[in-house]
Structures are given as C-alpha cells and as structure tokens.
Amino acid sequence: MSARLERSFYARDTVVAARDLLGKLLVRRIDGVALSGRIVEVEAYLGPHDLAAHSSRGRTARTAVMFGPPGYAYVYMIYGLHYCMNVVTEPEGHGAAVLLRALEPAGNIAGRTNGPALLCRALSIDRRLNGHDLLSEDFYIADAPPVPANRIASRPRIGVDYAGRWARRLLRFYEKGNSFVSRP
DNA sequence: AGGATGATATCC
DNA sequence: GATATCATCCTC
C-alpha cells in the first residue's frame with residue numbers, strides 16, 4: 001500500500017499538478033474494501049479567469065470548495081444524472097481544480113471507468129464526498145510512478161465549447177495509448 | 001441526433 | 001418563482 005499524496009502535491013500550479021496526477025492511484029475505501037484505479041486522463045481548470053471553470057462565476061455555495069484549501073474533492077452533479085470529481089489545487093482562495101476523466105481499473109472495480117461520470121459511479125463517489133479531504137483514510141490519492149512527459153498527450157478540454165478561446169487551450173492531459181482514456 | 005433528469009445561476 | 005443551461009452517457 002503506497003503513501004497518500006500530501007497537501008503540498010496539490011498546492012501547486014494546476015497544470016503541473018494535473019500532469020503529475022497521471023499514473024497516480026485514486027482510492028475509495030468502503031467497508032474495508034479498497035476500490036482503486038490509476039488516473040489516466042485529467043483536465044485542468046485554472047481559476048476565475050478561466051471561462052470554462054465553474055469558479056469563473058465567482059465564489060458561490062457550489063464553488064466554495066474550489067476556492068478552499070488544496071487536496072479536497074470537489075464533487076458536483078451534472079445533467080441531473082451524473083457526478084464528476086475534481087481535486088482542488090493551488091493555495092487556498094485561488095479557485096482551481098483538476099477534473100478526473102478516466103481511470104485504468106486497479107482493484108475491486110466493477111463497471112466502466114473511462115469517463116468522468118463513469119469513474120464516479122464505479123467508485124461510489126457522490127455528493128456526500130463534496131468537500132471531503134483527500135488526505136483521509138477512506139478517500140485519497142496514492143503515490144505511484146509518474147507518466148513520462150513524452151507519454152502525455154495534451155488536447156482541448158471536452159464539453160466546454162461555450163468558453164471561447166479558453167475552450168481551445170490544451171488543458172486536457174492523458175496517457176498516450178491507454179485504452180481507458182474516454183476520448184482518445 | 002436526441003433524451004434523461006436535477007442542481008444552480010440568473011433573470012424577473 | 002420561472003427558466004435556461006449544464007466539465008455526461010446511452011440509445012437510436
């Protein structure tokens with residue numbers, strides 16, 4: 001069992017943290033059973049100036065977690081059906097986060113994990129985990145070998161066409177050739 | 001290409 | 001208080 005990432009991992013530049021999250025292990029412990037998957041696809045949301053980020057609407061009840069301290073989970077419901085999970089980055093007050101888009105199944109995973117809502121379903125991640133500390137025992141990200149820079153692809157983010165030029169920024173990162181990436 | 005389904009932001 | 005919109009997924 002590998003070590004949890006510490007607060008300092010998250011309290012950094014969001015693009016750097018996003019790329020470094022590739023290869024790491026998301027772990028959700030339920031009734032003593034550890035569900036886990038290797039992070040293979042992420043998107044960086046940089047802060048209020050990033051028109052694709054939820055924090056661009058300012059600090060609200062919904063986005064409060066994004067503006068909080070790093071290393072916490074920002075989980076929200078989308079389209080009334082699905083949950084998406086983010087990891088808060090940068091120092092407190094910044095308003096940035098990294099969306100986890102796909103996992104490669106590692107342990108005790110049932111169902112697909114090649115999409116932001118699919119991975120939440122596979123790991124039983126829902127509203128109750130919004131604002132949950134990722135330095136906890138039951139929900140955390142564990143260290144694992146990094147994905148080398150030459151194995152990381154950079155693409156525009158998915159589903160943010162409304163964000164003008166921000167939609168074209170290359171802020172989606174995934175491990176090249178990994179078959180669990182949602183949109184290769 | 002379109003529908004499901006509910007929280008939320010943004011208007012009155 | 002109404003309504004438009006949504007960082008998705010599935011079926012057609």
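**Close-up 1. Arg 101 is found in strand 5.** This is a predicted model, and the first stop is an arginine that is tucked away: Arg 101 is buried, with a relative accessible area of 7%. Its side chain makes a polar contact with the side chain of Ser 182, at 3.2 Å.

Close-up 2. Val 42 counts as buried, at 0% relative accessibility. Beyond its neighbours within four places in sequence, Val 42 touches Ala 18 and Leu 22, the run Val 98, Leu 99, Leu 100 and Arg 101, and also Leu 171, Arg 172 and Phe 173. For a sense of scale, pick the C-alpha atoms of Val 42 and Leu 103: they are 9.4 Å apart, with the two residues 61 positions from each other along the chain.

**Close-up 3. The largest nonpolar core takes in 47 residues.** Leu 26, Ile 39, Met 85, Ile 125 and Ile 141 are the ones with the most contacts inside this core. Helices 1 (7-10), 2 (14-21) and 3 (116-122) each give two or more residues to the core, and so do strands 2 (33-45), 3 (73-78), 4 (82-89), 5 (96-107) and 6 (139-142). Apart from this core there is another one, made of five residues, among them Val 40, Ala 153, Tyr 174 and Val 181.

**Close-up 4. Zooming in on Ile 141, one of the residues with the most contacts inside the largest nonpolar core.** Which residues does Ile 141 contact, leaving aside neighbours within four places in sequence? Ala 3, Arg 4, Leu 5 and Tyr 10 are on the list, as are Leu 21, Lys 24, Leu 25 and Leu 26.

**Close-up 5. Cys 84 and Cys 120, with sulfurs 6.1 Å apart.** Why is there no bond between these two? The sulfur of Cys 84 has its closest cysteine sulfur in Cys 120, and 6.1 Å is too far for a bond, given that a disulfide needs the sulfurs within 2.5 Å. The structure as a whole holds zero disulfides. Both cysteines are hidden away: Cys 84 is buried at 6% relative accessible area, and Cys 120 is buried at 1%.

Note on methods: Residues numbered from 1 in each chain as written. Chains lettered and ligands numbered in written order. Predicted model: local features only at pLDDT ≥ 70, side-chain atom pairs only at ≥ 80, totals over all residues. Heavy atoms only, no water. Buried < 20%, exposed > 50% of the residue type's maximum accessible area, 1.4 Å probe, protein only. Core = buried A, V, L, I, M, F, W, Y, C linked by side-chain atoms within 4.5 Å. Helix = DSSP H or I, 4+ residues; strand = E, 2+ residues; numbered from the N terminus. Contact = heavy atoms within 4.5 Å. Polar contact = N/O pair within 3.5 Å; in protein donor to acceptor, adjacent residues only side chain to side chain.
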